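This report describes side-chain contacts in a protein model, with attention to aromatic rings, charges over rings and disulfides. The structure is shown first, and the description follows.

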Amino acid sequence: MQPKIMMKKKSISASKASLVLFLCQMISALDVPLDSKLLEELSQPPTITQQSPKDYIVDPRENIVIQCEAKGKPPPSFSWTRNGTHFDIDKDTQVTMKPNSGTLVINIMNGGKAEAYEGVYQCTARNERGAAISNNIVIRPSRSPLWTKEKLEPNQVREGDSLVLHCRPPVGLPPPIIFWMDNAFQRLPQSERVSQGLNGDLYFSNVQPEDTREDYICYARFNHTQTIQQKQPISVKVFSTKPVMERQPVLLTPTGSTSTKVELRGNVLLLECIAAGLPTPVIRWIKEGGELPANRTFFENFKKTLKIIDVSEADSGNYKCIARNILGSAHHVISVTVKAAPYWITAPRNLVLSPGEDGTLICRANGNPKPNISWLANGVPIAIAPEDPSRKVDGDTIIFSHVQERSSAVYQCNASNEYGYLLANAFVNVLAEPPRILTPPNKLYQVIADSPALLDCAYFGSPKPEIEWFKGVKGSILRGNEYIFHDNGTLEIPVAQKDSTGTYTCVARNELGKIQNEVQLEVKDPTMIIKQPEYKVIQRYGQVSFECIIKHDSTLLPTVIWLKDNDELPDDERFLVGKDNLTIMNVTDKDDGTYTCIVNTTLDSVSASAVLTVVAAPPTPAIIYARPNPPFDLELTGQLERSVELSWIPGDENNSPITNFVIEYEDGLHEPGVWHYQTEVPGTQTTVQLKLSPYVSYSFRVIAVNEIGRSQPSEPSEQYLTKSANPDENPSNVQGIGSEPDNLVITWESLKGFQSNGPGLQYKVSWRQKDVDDEWTSVIVANVSKYIVSGTPTFVPYEIKVQALNDLGYAPEPSEVIGHSGEDLPMVAPGNVQVHVINSTLAKVHWDPVPLKTVRGHLQGYKVYYWKVQSLSRRSRRHVEKKILTFRGNKTFGMLPGLEPYSSYKLNVRVVNGKGEGPASPDKVFKTPEGVPSSPSFLKITNPTLDSLTLEWGSPTRPNGVLTSYILKFQPINNTHELGPLVEIRIPANESSLILKNLNYSTRYKFYFNAQTSVGSGSQITEEAVTVMDEVQPLYPRIRNVTTAAAETYANISWEYEGPDHANFYVEYGVAGTMASRQVDIATQGWFIGLMCAVALLILILLIVCFIRRNKGGKYPVKEKEDAHADPEIQPMKEDDGTFGEYSDAEDHKPLKKGSRTPSDRTVKKEDSDDSLVDYGEGVNGQFNEDGSFIGQYSGKKEKEPAEGNESSEAPSPVNAMNSFV
């Protein structure tokens, strides 16, 4: 198939796009460097960078977005065709094109019908250099039709027979995913005996009694619309006959002995064989005349399905499946033919040419059958396109000869056969450009001597420029074997020497112009290790030192690294790294190894290694090693004005050779008692010539050093006072910085005492305004380090110099430095402040720089003050917290991060110098767009019933815009924690609660809840809840609204009662704050002790009376009367628990219930008391004192808390039982 040619519709400015991607893919006669500045300036025909897929299935409930993005220079305009004709977007209010893009947005959510926009779409991107076209994009809305109604008869099957349950799902777009489940949404188990075929049917190789059930349900899931359709349940009843007959295999699918299958190259080949039989047959696959391809062959569905991925023409052939059991076998041969949609062998590539050059576009594709190749130019068939004398079409090749700028165009190659097509855009871009050199001017190259030097001269021009190199500004052209000239313009000096240092000039020229560029080359001395570490043998617990003395170029800064066995040194304080040595103290056996000194600079690296061997100490007494004794007998000879010779006699070296001597001096005239380092000499030298400064009273001392350490200093030498002289140097670090707008503070670092070279040290301070023809103003000051010049203009440059002098004369002429008088606050505010809002949390602010004259100081940068005025969603103001961002230097823009979406902000900009901030620019107001909201503040699920739950929620704390809706998703969770199908509900934004109905009873559900703005969905919160198993109606009687009124010695209690008449009421109370009083120890209660005493006294009296009566021999009638008429106020103890019986009315013998029995799932057990206050009030907090005074109050609680110290919520103690009343 071949895409139809689309016509241009309207011009829309495309966004500025980089050309990097197209240049990375370009094959051309002209190489274009990937330089961003160059790429922005070169013209380029359009290139399609993004487009929708050829077969584009869309969700009919959502907006349709058809992508078409392109780049080019100038930016391309876009147009569309639909079904081969021009698509006028302006006439359809439901269709818009994105700004700076060709992407179409078809508004379906606001009234559009997806079916009305079915068709074939093609995009054209066009600029003055040509037109590129997209693929044909076929738009089709997805469909998820309902199952057709059918009457399903129950399946009566004999045990052992085969069975096929047909699914026959509705035809959808795309086709649905089929699976079988039962009424409880549990997947039906599958095995070698029972499995689902590729067509969705459920196959039974043989049925068993356990297959009997009435809920075989086929489900079709349409992923595009996220819907699931359910077929009516199928009933299967298996009846048994004895005996069950075994059967040899018979293929259920495919039928017959042979079949054919056609598959396309690159797809997945699926072949299926399902067999009936008893015992259950086993499936095996072979390829006739060959092997199944390794690494691409997989078996699925218990080997009933053969899967071969990424098939090619070589996979064509006959595939045999064999079904076998103990009674025999059956087989089927599937003849597979692999066809191929077109695929590229050589896709056309972009071509960049210079005027007069030649080139070719090649388009080669293959397929089965062989594809047809056709060419288009700027979207028009090349046969009817405008003539181009430089172009000739030869089948799959276009040949260009002697092209001109007008030859620039975009060519399309179409390769098609009956199975599909390929479309590729490739442009021919003819450029005429004068030479440009892209290497920065005066670029500095540094190399090490005797190594190669590569000097870049990146260039571009069309026609391709010629490159020549010169050394020096007026040098001759470089030629000869000592130079290598690369095609990219680079000059290579294979062996650079010190005399190679200098300036090199690169010249690029073509017929359109000439340009040159200079670069600098510096050749550095190589880094060398002049004293390498040496092999050492050291006794255990000794000290060893490795030297690594280096020589390097004075302009390079070396770094020295020590390694042990090619790894970092151990993290041990025994390892001391010095400037040019490594010392290991208290050596142990683990210090054995190879030590390497590595010296690195920015240009080279050298290294040297040595081995350390640690040995045990000899059995003979160890030699005592110690620091050397101090030198002695110091002598000064050959005294001159600026030098003297010092000699000495070394002290005892104490069995460790002296490695060097350190010489120190004292200036008794300026710093008596302070010793300074002068120099050091090798340990073999005992004299040294010392350089001296004038007007210093010298004393010298010498310190000897060996591997053990440093000696004590020697005794000082005699003093030697040098003659005075003019100062040799001037003060350093001279600066001029004003402290006030009208002064200049000149500061410097004074000379040290011995630098004065004589008495009477003073300084001559001179200054004059720069760039003004003024004479120097000078003043001589004492030995100080600051001088203040008053009455200066504000922030003007001054030339400054400070010269030292003493009684003998002046130091050499000092160098001049530039300073500035004092700064003042800037005078003006930045102008033309503009704000570009990038997204809901980021904005870019621009401003014009202030004139430097108005800064009145060193420009340090700009400060942007910004603050939130209000949220556009809440319209509520709050405390204004200003934020400040500082942008250093002379920047004219900055980014403002961390903004809050959908809010109004103000900002202003101020310039900053060393004195402070200037005036603020006028406040600029800007607003941030909407963003996605935060999660809802809460989600509560209440009132569970058999089939409903009530959801309540709070709006997001940060809506970040106008809420459009809430999205609720939920799904059931079974006992094995598997998730059921997901249901989604969209809820209006003004709702805060929802009653979900038609849920399953006693089922746990998981809820996902989030809010939406027009930008998108925010983060979600989740909750879980369970519907109840059985709904219980309220039990009567019911007591509500219990209220109390307490006095000093009593309390009035009132309540509302619903229920039958003639009810008795019980009130239970206790002491507030003593919840444990329900389970008190009665043996410690006063009333109990008194009662027991009374009972004991009564028993004693009865015993006495009985004893007297027995002695009298007569009967005592009172005992019988008491036995016959027991006192109703005295109740016997219960034998089971030892508690007293409770008071009750004669008509109602129900005891007071022992606490709330409401279970945690909020259902009421039917055997509970119908008139317990605890049951209806859900627990009682209020209690009474033992004297009857009420000190608490009744209040309802969700759950009854256990009393402190008692885990039980059971019956009250006898105290409460005795306090109950009717």
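## Burial and the model

A residue counts as buried when its relative accessible area is under 20%, as exposed when that area is over 50%, and as partly exposed in between. Tyr-763 has a relative accessible area of 0% and is therefore buried. The model is a predicted one.

## Aromatic pairs

Across the whole structure, a search finds 21 aromatic pairs. One of them is formed by Trp-748 and Tyr-763, whose rings are tilted, with 5.7 Å centre to centre and 55 degrees between the planes. This pair links distant parts of the chain, 15 residues apart: Trp-748 belongs to strand β65 (residues 743–749) and Tyr-763 to strand β66 (residues 762–769). Trp-748 is buried, because its relative accessible area is 5%, and Tyr-763 is buried as well, at 0%.

A further tilted pair consists of Trp-767 and Tyr-787, at 5.6 Å centre to centre and with 35 degrees between the planes. Trp-767 lies in strand β66 and Tyr-787 in strand β68 (residues 786–790), so this pair ties together parts that are 20 residues apart in sequence. The burial of the two partners is as follows: Trp-767 is buried, with a relative accessible area of 10%, whereas Tyr-787 is partly exposed, with a value of 25%.

## A ring cluster and charges over rings

Phe-179, Phe-185 and Tyr-219 are linked into a cluster by ring pairs.

Charged side chains also lie over aromatic rings. Arg-82 is placed over the face of Phe-87, at 5.9 Å from the ring centre. The ring of Phe-299 has the charged end of Lys-303 over it, 6.0 Å from its centre.

## Disulfides

The search of the whole structure finds 6 disulfides. With bonded cysteines counted along the chain, the disulfides follow the pattern 1-2, 3-4, 5-6, 7-8, 9-10, 11-12. Among them is the link between Cys-167 and Cys-218, with an S to S distance of 1.9 Å. This link is left-handed, with -70 degrees about the S-S bond. It joins distant parts of the chain, 51 residues apart: Cys-167 is in the loop between β13 (163–165) and β14 (177–181), and Cys-218 is in strand β17 (residues 213–222). Cys-167 is buried, with a relative accessible area of 0%, and Cys-218 is buried, with a value of 1%.

The sulfur atoms of Cys-457 and Cys-506 are 1.8 Å apart and form another disulfide. Its torsion about the S-S bond is about -60 degrees, so the disulfide is left-handed. Cys-457 lies in the loop between β40 (453–455) and β41 (459–462), while Cys-506 lies in strand β45 (residues 502–510); the pair links distant parts of the chain, 49 residues apart. Both Cys-457 and Cys-506 are buried.

## The disulfide of Cys-548 and Cys-597

Cys-548 and Cys-597 form a disulfide with their sulfur atoms 1.9 Å apart. The link is left-handed, at -65 degrees about the S-S bond. Since Cys-548 lies in the loop between β49 (544–547) and β50 (549–551) and Cys-597 in strand β55 (residues 593–600), the pair ties together parts that are 49 residues apart in sequence. Cys-548 counts as buried at 2% relative accessibility, and Cys-597 is buried at 0% relative accessible area.

Technical notes:
Residues are numbered from 1 along each chain as its sequence is written. This is a predicted model: local features need pLDDT of at least 70, side-chain atom pairs count only at pLDDT 80 or more; totals for chains, interfaces and linings use all residues. Side-chain values use heavy atoms; hydrogens and water are left out. Rings of Phe, Tyr and Trp (its six-membered ring) pair if their centres lie within 6.5 Å; planes under 30 degrees apart count as stacked, over 60 as edge-to-face and the rest as tilted. Helices (H or I, at least four residues) and strands (E, at least two) are DSSP runs, numbered from the N terminus. Buried means under 20% relative accessible area, exposed over 50%, partly exposed in between (1.4 Å probe, protein chains only). A charge sits over a ring if NZ of Lys or CZ of Arg is within 6 Å of the ring centre and within 35 degrees of the ring normal. A disulfide is a pair of cysteine sulfur atoms within 2.5 Å.
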